[in-house]
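Please keep the sequence and the model in view while reading.

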Amino acid sequence: MEGSLEQARKYESEAISIFDEIGDKQNSARFQLELAELSIDEHNGLEAASIASRVSQEFARENAFRDESLANAVLSRALLVQGNISAAKTAIERALALSENYHDRQVELSVALTAARVRAASGAASDRAEATRRLEQVLSDSSKTGFLKYAFEARLALGEIELQSGNRVNGRLRLESLMKDASDKSFQLVAREAATDLKQVAQP
């Protein structure tokens, strides 16, 4: 959810309580996963990983391959926030394997985007180049199919990779453009992330 993190967290927590009360484990788990994503937005990788891991196990028990795949992608992102690249790689590999059991464009884009981020995190120039290629594909696919969230997140990841690769001019231009576009479309969390990245570039 975009906008106020505090309001979003309150909404997700209330929804979880409602589904827990009526015994709807799957929908409770889905909202818990959204709570984990909010924790990632707050850079709380430890909390996010704990939630995503627990939710992934719940989906596995229910043989809910789609949701389990998405949960592992979120877990991978949470582990990246913690700097645990090896564990993040294991989680995203699990997500990719599960995605072979169904076809869901939204989850495919999420998994592909996270897999690219994990690839780039190795720091190797060849991995960053491959991650860039994959992100460009995610950007193209998500733009064509109307998944703006993933298009913006792909642009964010591409800008960050450019900065990490020393291509500060292109990285800055990409992030400045993203910040405006994301804000105009009310994707405030992405806009904030882009702004944070730009502030770090501006620091001496």
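Which residues of H6 are buried? The model is predicted, and in it the buried residues of H6 are Val107, Leu109, Ser110, Val111, Leu113, Thr114, Ala115, Ala116, Val118 and Ala120.

**Helix H6**

- H6 consists of 16 residues and spans 23 Å from its first C-alpha to its last, close to the 22 Å expected at 1.5 Å a residue.
- The packing partners of its buried residues are helix H4 (65–81), H5, helix H7 (125–145) and helix H8 (148–164).

**Tyr102**

- Tyr102 belongs to the loop between helix H5 (85–98) and helix H6 (105–120).
- Because its relative accessible area is 18%, under the 20% cut-off, Tyr102 counts as buried.
- Beyond its neighbours within four places in sequence, Tyr102 contacts Phe65, Arg66, Ser69, Val107 and Glu108.
- Between Tyr102 and Lys149 there are 21 Å in space, C-alpha to C-alpha, and the two are 47 residues apart in sequence.

**Glu58**

- Glu58 is part of helix H3 (residues 45–61), and its relative accessibility of 13% makes it buried.
- When residues up to four places away in sequence are not counted, Glu58 touches Lys25 and Ala29.

- The structure contains 17 salt bridges.
- In one of them, Glu68 pairs with Arg94, and the closest N and O atoms are 2.8 Å apart. This pair links distant parts of the chain, since Glu68 lies in helix H4 and Arg94 in helix H5, 26 residues apart.
- Glu68 is buried at a relative accessible area of 4%, whereas Arg94 is partly exposed at 40%.
- Another salt bridge joins Asp181 to Arg155, with 2.9 Å between the closest N and O atoms. Asp181 is in helix H9 (residues 168–184) and Arg155 in helix H8, so the pair ties together parts 26 residues apart in sequence.
- Asp181 is partly exposed, with a relative accessible area of 28%, while Arg155 is buried at 16%.

- Lys180 and Asp184 form a salt bridge through their side chains (2.9 Å, N to O). Both residues lie in helix H9, four residues apart, or about one turn of the helix.
- Lys180 is exposed at 53% relative accessibility, and Asp184 is exposed at 51%.

Note on methods. Residues are numbered from 1 along each chain as its sequence is written. This is a predicted model: local features need pLDDT of at least 70, side-chain atom pairs count only at pLDDT 80 or more; totals for chains, interfaces and linings use all residues. Side-chain values use heavy atoms; hydrogens and water are left out. Helices (H or I, at least four residues) and strands (E, at least two) are DSSP runs, numbered from the N terminus. Buried means under 20% relative accessible area, exposed over 50%, partly exposed in between (1.4 Å probe, protein chains only). Contact means heavy atoms within 4.5 Å. The expected span of a helix is 1.5 Å times one less than its number of residues. A salt bridge is a side-chain nitrogen of Lys or Arg within 4 Å of a carboxyl oxygen of Asp or Glu.
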